[in-house]
Amino acid sequence: MRHPNRNDGRLSRRDVLRGLAAVAATTALPTMPAGAQPADTGGSGDNSDGDANARRRALSKGLQWLEQKQHDDGGFEGGKYGFDPAVTALAGQAFLAEGSTPGRGEYGDALARCVAQVTSAAGESGYITVRHEGRASTMYSHGYATNFLAAAYRASMRDPLRGPVERSVKLLADVQSDEGGWRYSPSKAAGADVSVTACQLLALVSADRSGIDVPPETIDRAVAYLTSCQVEDGGFCYVRGRGGSALPRSAAALAALEAAGRSMHEVLQRGRDYLDAHRPTPDEALRQPHQFYWAYFASQAMCRQANKSHTAWRRLLDGALFSSQGADGSWNDGAIGPAYATAIACYVLGQTSPE
């Protein structure tokens with residue numbers, strides 16, 4: 001249950017978001033291509049008092065739901081990934097974006113439990129994984145968990161968090177495939193795909209921004225792999241040299257490449273053009289495959305002041321999330337579970353809220 005009057009120690013939204021890998025270096029943006037949906041800048045803007053108040057209400061209800069559903073060990077049940085550290089890490093990112101730090105702030109206790117659950121899943125090898133009901137989590141979980149722990153370390157500078165992040169980074173460097181990416185298992189021989197690689201690259205950037213020693217060549221090779229997966233239309237295929245683009249993985253690749261901060265204007269421009277050209281309406285948005293997954297990454301790639309279409313993307317994501325929130329404050333994707341969907345929805349609302 002929520003506990004009142006825990007407002008001490010809160011960071012500003014700007015300070016916390018700087019600690020998340022999602023905050024990418026700003027770059028000049030391209031001209032929108034023919035056929036793209038233009039940003040709607042008329043009427044009451046995205047930053048109007050009404051929009052901001054609606055966003056705060058939706059975010060508050062969602063965070064309260066997450067805190068109420070969290071177990072004492074920090075995890076969340078439900079769906080096929082119950083108690084997976086990835087779900088806990090995403091909830092932790094949402095609490096961080098609200099402004100709390102582990103043990104301090106309105107959601108400080110819930111955030112501290114998230115940290116405890118994720119660090120308990122971190123082995124001496126550096127791999128962050130758990131086995132639940134016969135199913136082991138994968139490198140997806142490792143990437144989300146590392147991203148979160150690095151951001152929590154930056155927000156709190158708690159020494160016990162540094163070791164797990166350092167070991168996690170070392171593991172990523174050691175098992176990076178010859179192609180430069182990662183796939184589902186922590187093995188060089190596992191190969192690489194765009195989705196898993198984007199998660200690991202965001203984790204590495206988060207660690208680097210938190211003062212953890214990250215080999216530059218590990219980031220460079222991951223950037224090179226993702227770049228090599230960009231196809232003719234500006235989107236990204238799933239495995240290098242095979243197949244076409246799709247919105248979810250293209251949003252993930254673009255978010256990771258934006259965060260990496262390397263000089264690749266043409267690649268980023270083509271990626272943004274692709275996302276703008278494939279931007280759904282709010283009614284369509286959360287009916288698409290992997291809807292919360294792509295919303296998570298699209299908010300990082302497109303909802304920044306540096307992006308000229310950020311207003312349209314904010315309105316898209318806000319509209320979709322406002323209309324799909326349950327009366328109890330939660331969201332549900334129908335597959336992975338309500339904790340996963342609610343954590344991402346809260347993170348996205350936190351990302352798109354004006355600072």
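A residue counts as buried under 20% relative accessible area, as exposed over 50%, and as partly exposed in between (1.4 Å probe, protein chains only). Arginine 55 is buried, with a relative accessible area of 0%. Its place is in helix α2, residues 49–69; helices (H or I, at least four residues) and strands (E, at least two) are DSSP runs, numbered from the N terminus. The C-alpha atoms of arginine 55 and aspartate 318 are 7.4 Å apart in space, against 263 residues apart in sequence.

The model is predicted: local features need pLDDT of at least 70, side-chain atom pairs count only at pLDDT 80 or more, and totals for chains, interfaces and linings use all residues. Residues are numbered from 1 along each chain as its sequence is written, and side-chain values use heavy atoms, with hydrogens and water left out. The predictor's confidence in each residue, pLDDT, runs from 0 to 100. It averages 84 over the protein chain, and 82% of the residues score at least 70. Over residues 1–47, pLDDT stays under 50. For this stretch the model has 127 contacts beyond four places in sequence, a contact being heavy atoms within 4.5 Å. Where pLDDT is low, the predicted coordinates should not be read in detail.

The secondary structure of the protein chain comes to 14 helices and two strands. Of its 355 residues, 56% are buried. Among contacts with a separation of 6 or more, 71% join residues 24 or more positions apart.

Two helix pairs involve α7. Axes are lines fitted to C-alpha atoms, for helices over the stretch in contact, and angles run from 0 to 180 degrees between N-to-C directions. Angles under 35 degrees count as roughly parallel, over 145 as roughly antiparallel, 65 to 115 as roughly perpendicular and the rest as oblique. The axes of α6 and α7 come within 11 Å and cross at roughly 135 degrees. The two helices are therefore oblique to each other. The crossing of α6 past α7 is left-handed: the near helix is turned anticlockwise from the far one by less than a right angle, whereas clockwise would be right-handed. Val165, Val169 and Leu172 of α6 make the contact with Gln200, Leu204 and Ala207 of α7. By class, this contact has five nonpolar, one polar and no charged residues. Ala, Val, Leu, Ile, Met, Phe, Trp, Tyr, Cys and Pro count as nonpolar, Asp, Glu, Lys and Arg as charged, and the others, Gly among them, as polar.

The axes of α7 (residues 194–209) and α8 (residues 216–228) come within 10 Å and cross at roughly 150 degrees. That makes α7 roughly antiparallel to α8. This crossing is left-handed. By class, the contact of α7 with α8 has nine nonpolar, two polar and no charged residues.

Tyrosine 296 lies in helix α12, residues 291–302. At 2% relative accessibility, tyrosine 296 is buried. Beyond four places in sequence, its contacts are Leu90, Gln93, Tyr144, Asn147, Ile344, Tyr347 and Val348. Its C-alpha lies 9.8 Å from that of leucine 349, 53 residues apart along the chain.

Most residues other than glycine have a negative phi. Methionine 157 has a positive phi of about 50 degrees. Methionine 157 lies in the loop between α5 (139–156) and α6 (159–175), and is partly exposed at 49% relative accessible area. Histidine 290 also has a positive phi, near 55 degrees. Histidine 290 lies in the loop between α11 (282–285) and α12, and is exposed at 55%.
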